[in-house]
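Thanks for coming. I have one structure to show, and I will keep to its packing and a single side chain.

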Amino acid sequence: MDRARTSVVEAGRYVHGRGLTHGRTGNVSARVGDQVVVTPTGASLSTVTESELAVIGLDGTVREGKPSKETGLHLAVYRSRPTARAVVHTHSLYSAAVSCIPTVDEDDALPPLTAYYRMRVGRLPVVPFAPPGDRQLAVHAGRAARDAHCMLLRNHGAVVAGDDLDHALDVLEELEHVAQLYLLLGERAAPPADRHDG
């Protein structure tokens, strides 16, 4: 559990330092068995400490601290993806911008503009809007997580589940990078051809 606490704090600092979230937004969690270590509500990921982290059971029982109001979202993803050991949710600028486009494909929001996007992100569903912390948001996210390890929350931001926090952060960075490319290129955006020249 101590290692998970350290990893969550380090991941939070990384996310904030990279500009992938702002102010007191975003949350990070790591799963250890049937327990989840999660950042607290109202904290900045840039300054959160191990002693401030909350611990919650997969059944929703708070065992320690005051968990993020988005903890239900994290738990829903873990329940749908039993092999996931980390969840990161951010309000990163470009991913959030894509989530606000009304015409974006809700089954797969971004084209695979880079080879790494195909490998790391794959399909990117858009979850219907619900207010932060709302139970319905967790229901929607849990449903999307059955078939995808990343998603966009409509008018909100990104959620990524990973094998561990390093994996989740790699995926999050690639997602944000491709979201930025997509917005810069507009209609000129085209995925790489599935062609291998000999």
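Predicted model: local features only at pLDDT ≥ 70, side-chain atom pairs only at ≥ 80, totals over all residues.

Residues are numbered from 1 along each chain as its sequence is written, and side-chain values use heavy atoms, with hydrogens and water left out.

First, the cores. A nonpolar core here is a set of buried Ala, Val, Leu, Ile, Met, Phe, Trp, Tyr and Cys residues joined through side-chain atoms within 4.5 Å; buried means under 20% relative accessible area, with a 1.4 Å probe and protein chains only. The largest one has 38 residues, and the members touching the most others are Val88, Leu110, Leu124, Leu165 and Leu175. At least two residues each come from helices H1 (2–17) and H6 (165–185) and from strands S1 (27–32), S5 (86–90), S7 (150–153) and S8 (157–162). These are DSSP runs numbered from the N terminus: H or I of at least four residues for helices, E of at least two for strands. H6 gives the largest share, eight residues. Another core lies apart from this one, with 21 residues, including Leu58, Ala84, Ala130 and Val159.

Thr90 counts as buried because its relative accessibility is 0%. Where does its side chain make a polar contact (N or O atoms within 3.5 Å, one able to donate a hydrogen and the other to accept it; residues adjacent in sequence count only if both atoms are side-chain atoms)? One partner is the side chain of Ser92, at 3.0 Å. The backbone oxygen of Leu20 is 3.5 Å from a polar atom of the Thr90 side chain.

Definitions and conventions:
Buried < 20%, exposed > 50% of the residue type's maximum accessible area, 1.4 Å probe, protein only.
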